[in-house]
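Dear colleague,

Please find below the structure that I am handing over to you. My notes on it follow directly after.

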Amino acid sequence: MNFSTKKTLLTGVLSLIGFIIIFQSCEKKSDAADLTQSEFHKKAQLVNIFDNEIMPLVTEFKVQSASLDELTKAYKANTSESNLNAAKAQWKNVVRVWKRLDLYDLGGVADSFISFEINRWPTDTERIDANINGTETLDADFIATKGSSVKGIAAIEYLLFTTDENASETYRLRKTDYLVALTENLKVKADELLALWTANKTAFVGALENGITGSQNQVINAMVTLIEEIIISKLGRPLGDTNGGTISIEALEAYRSEFSKEIIQQHLIALERCYKGDFAQTPFRVGFDDFLVLIGSDNLAVDIATQFSHCQQQLDAIDGTLKATLETDTQAVADLKDSFRDLLVLIKVDMANVLGSTITFNDNDGD
């Protein structure tokens, strides 16, 4: 090989090496740009969730809980039917807010276990009655020392929506004392929840990392957990999935108030709003659908949106209460459950995989 040939070959090799170096440099810059873009959207999504959904809901929950406390005290002062009905209606207002806020039991707020203090379902009616039939003073201090199974939203429902025509006057008076003590405690917990979320804002919107410590990953897991709870506990058990097919009305959440369907409605609203990020008229309405489009999964984004609509259609197809429908048309309830099961697959498997999320074990797994 002569010098000219060697020179030509060397020039070609050097040119190739130069091209590779330039290409790798551009590729690294492109990767960095993609990462920056992803983190920008993730931060915008978390800020959107916090500012335009979590904090408005927490603030509203505080207002509605305080109103419920006022109305139960009015009922205690005058145990008229109208005052009782006003308290019942306000309980439903509290539940409407809480069942949307229930999705966001995340991070440091979840670690505080305050959600159990606010709503432990099912409530322990035997222990509640034992407390009422006891001799201790039934006030806020008493409730503060008790476990979550005898207080909170579900316990308040039991006292408001259970009739006691055959009960003694002593029982009725102490039942009203217990009711007021519960709503006072709920008001305190609403204040604590607001303080907790205020303190956890920076940690929540700043956790941009992937994996189980990242806030986006935690939100996806919360969506999965809630959908599984709807399928297994709120629809499956009443349908008899765990007892050989025997319908169980008492397995419905809030069956005493016949508010079970509305609870699932609020869950569905919260899930869809979280997916789409459409909380307020702001330029930063970033949702999971935007992330899917960003990474080229447009079809999946459409499929999930379509399935949310299908869940709503199945819920709308239930005419009347969920309790009444279970007694007359179990297939309609089964169809509703199946629509949520299809939604679960799309979010837990498809969306989670595409976004690189880690789905963690929860209490509903394996039930």
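**Salt bridges**

The structure holds 18 salt bridges; please note that the model is a predicted one. One of the pairs joins the side chains of Arg96 and Glu262, with an N to O distance of 3.7 Å. This pair links distant parts of the chain, since Arg96 belongs to helix H2 and Glu262 to helix H10 (residues 260–276), 166 residues apart. Arg96 is partly exposed, at a relative accessible area of 31%, and Glu262 is likewise partly exposed, at 23%.

A further salt bridge connects Asp241 with Lys337, whose closest N and O atoms are 2.7 Å apart. Asp241 sits in the loop between helix H9 (215–239) and H10, while Lys337 is part of helix H14 (residues 330–355), so the pair ties together parts of the chain that lie 96 residues apart in sequence. The two partners are placed as follows: Asp241 is partly exposed, with 44% relative accessibility, whereas Lys337 is buried, with 10%.

Within helix H10, Lys276 and Glu272 are 4 residues apart, about one turn of the helix. They form a salt bridge with closest N and O atoms at 3.0 Å, and Lys276 is partly exposed at 25% relative accessibility.

**A buried lysine and the cysteines**

Helix H2 also contains Lys99, which is buried, with a relative accessible area of 2%. Leaving aside residues up to four places away in sequence, Lys99 touches Asn119, Lys234, Glu253, Ile263, Gln266 and His267. The C-alpha atoms of Lys99 and Asn119 are 9.7 Å apart, and the two residues are separated by 20 residues in sequence.

A search of the whole structure found 0 disulfides. Cys274 is buried, at 1% relative accessibility, as is Cys311, at 0%.

**The second largest pocket**

The largest share comes from H8, with 6 residues. By type, the lining of this pocket comprises 7 nonpolar, 5 polar and 7 charged residues.

Yours sincerely

Terms used:
Residues are numbered from 1 along each chain as its sequence is written. This is a predicted model: local features need pLDDT of at least 70, side-chain atom pairs count only at pLDDT 80 or more; totals for chains, interfaces and linings use all residues. Side-chain values use heavy atoms; hydrogens and water are left out. Helices (H or I, at least four residues) and strands (E, at least two) are DSSP runs, numbered from the N terminus. Ala, Val, Leu, Ile, Met, Phe, Trp, Tyr, Cys and Pro count as nonpolar, Asp, Glu, Lys and Arg as charged, and the others, Gly among them, as polar. Buried means under 20% relative accessible area, exposed over 50%, partly exposed in between (1.4 Å probe, protein chains only). Contact means heavy atoms within 4.5 Å. A disulfide is a pair of cysteine sulfur atoms within 2.5 Å. A salt bridge is a side-chain nitrogen of Lys or Arg within 4 Å of a carboxyl oxygen of Asp or Glu.
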